[in-house]
Amino acid sequence: MCRIISIVNMKGGVGKSTTAVNLGIGLAKQGKRVLLLDCDSQGSLTASLGFRKPSLLEPSIATVMASIIEEDEIQDPILHHREGVDLVPANETLKGVELALVNVMSRELILKEYVSGLRPDYDYILLDCAPSLGLMTINALACADSVLIPVQAAKLALDGLQELIRTIGKIRRQINPDLTIEGVLITMVNPRTKYARETMEMLRNSYGDKIHIFRKFIPYTVRLEETPAEGVSIYRHDANGKAAAAYLELTKEVLDNEK
């Protein structure tokens with residue numbers, strides 16, 4: 001059975017695309033069929049996988065959404081990455097499609113119509129969402145089974161978490177009753193600092209009894225920051241490093257959630 005996980009945070013720079021890449025490729029290394037779907041017009045996920053000019057990629061998720069809206073035939077947008085995952089790319093044309101969604105009937109369910117048809121072909125579909133609660137993010141939440149929330153180990157980054165949790169609850173009540181929270185992933189951690197340790201403790205004390213918080217945090221490393229420029233995962237760029245070990249632990253925990 002395919003699991004669809006939306007990776008969401010209203011704040012940018014918390015490692016959403018990095019997590020999509022490394023969790024997705026981690027799952028592929030465990031023998032899973034994985035599709036990564038870029039839902040952000042900035043195309044960060046697309047670029048992170050080595051497709052340097054997202055604007056030149058057609059068809060894309062914008063093309064797919066437009067075809068569904070216009071009831072046209074859908075062109076296959078799926079690209080293949082050398083580390084064993086597939087990608088549906090995104091680029092700035094998605095902004096226009098998102099504006100067009102405002103006047104579309106059942107506008108929150110357009111993406112679900114496409115993604116539901118992909119379920120038989122994959123074990124996991126990961127959706128990398130924009131840092132905003134636009135209609136594309138709502139579409140991603142409407143078609144997901146669960147939400148993974150990357151949160152930076154900084155007190156200001158925690159401020160929007162409660163609002164995001166309330167939004168997920170609203171989507172569950174009004175659109176997608178089966179939506180759950182996969183967990184909160186603490187990212188960009190420098191464990192040597194007292195500030196980071198206090199922030200992680202605050203997060204676990206405030207939310208640990210309400211939602212799942214992944215056991216392993218993702219450390220801040222320069223090697224991890226270098227991976228988007230290389231277009232590969234941390235497993236290929238720095239296989240023996242701390243970040244690779246952390247994402248491997250995350251992968252195992254997500255797989256354990258299947259059971």
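A salt bridge is defined here as a side-chain nitrogen of Lys or Arg within 4 Å of a carboxyl oxygen of Asp or Glu. The structure is a predicted model, in which local features need pLDDT of at least 70 and side-chain atom pairs count only at pLDDT 80 or more, whereas totals for chains, interfaces and linings use all residues. Residues are numbered from 1 along each chain as its sequence is written, and side-chain values use heavy atoms, with hydrogens and water left out.

By the salt-bridge rule, the count comes to 8. In one of these pairs, Asp145 is joined to Arg119, with the closest N and O atoms 3.0 Å apart. This pair links distant parts of the chain, 26 residues apart: Asp145 lies in the loop between helix H6 (135–143) and strand S6 (146–152), and Arg119 in the loop between H5 and S5. Helices (H or I, at least four residues) and strands (E, at least two) are DSSP runs, numbered from the N terminus. Asp145 is partly exposed, with a relative accessible area of 26%, and Arg119 is also partly exposed at 26%. For these classes, buried means under 20% relative accessible area, exposed over 50%, and partly exposed in between (1.4 Å probe, protein chains only).

A salt bridge is also formed by Arg33 and Asp123, whose closest N and O atoms are 3.3 Å apart. Arg33 is placed in the loop between helix H1 (16–29) and strand S2 (34–39), and Asp123 in the loop between helix H5 (110–116) and strand S5 (124–129), so the pair ties together parts that are 90 residues apart in sequence. Arg33 is partly exposed, at 40% relative accessibility. In a further salt bridge, Asp209 and Lys210 have their closest N and O atoms 3.7 Å apart. Asp209 is exposed at 66% relative accessible area, as is Lys210 at 58%.

An open sheet of 7 strands has the order S3-S4-S2-S5-S1-S6-S7, with mixed pairing. Strand S3 (79–80) and strand S7 (180–187) stand at the edges, each with a single partner strand, so one side of each is left without a neighbour in the sheet. Two strands are taken to pair if DSSP finds at least two bridges between them. S3 pairs with strand S4 (residues 86–88) in the antiparallel sense over 2 bridges, and Leu79 stands opposite Leu87 in S4.

Val184 belongs to strand S7 and is buried, with a relative accessible area of 0%. Its C-alpha atom is separated by 10.0 Å from that of Ile7, 177 residues away along the chain. Leaving aside neighbours within four places in sequence, Val184 is in contact (heavy atoms within 4.5 Å) with residues including Ile149, Val151, Leu161 and Phe214.

In helix H3 (residues 61–70), 7 of the 10 residues are buried, so the helix is largely enclosed by the rest of the structure. The buried residues of H3 are Ile61, Ala62, Thr63, Val64, Met65, Ser67 and Ile68. These residues pack against S2, S4, helix H4 (93–101), H5 and H6. Just after H3, Glu71 takes a positive phi of about 60°.

Val222 is located in helix H10 (residues 222–230) and is partly exposed, with a relative accessible area of 48%.
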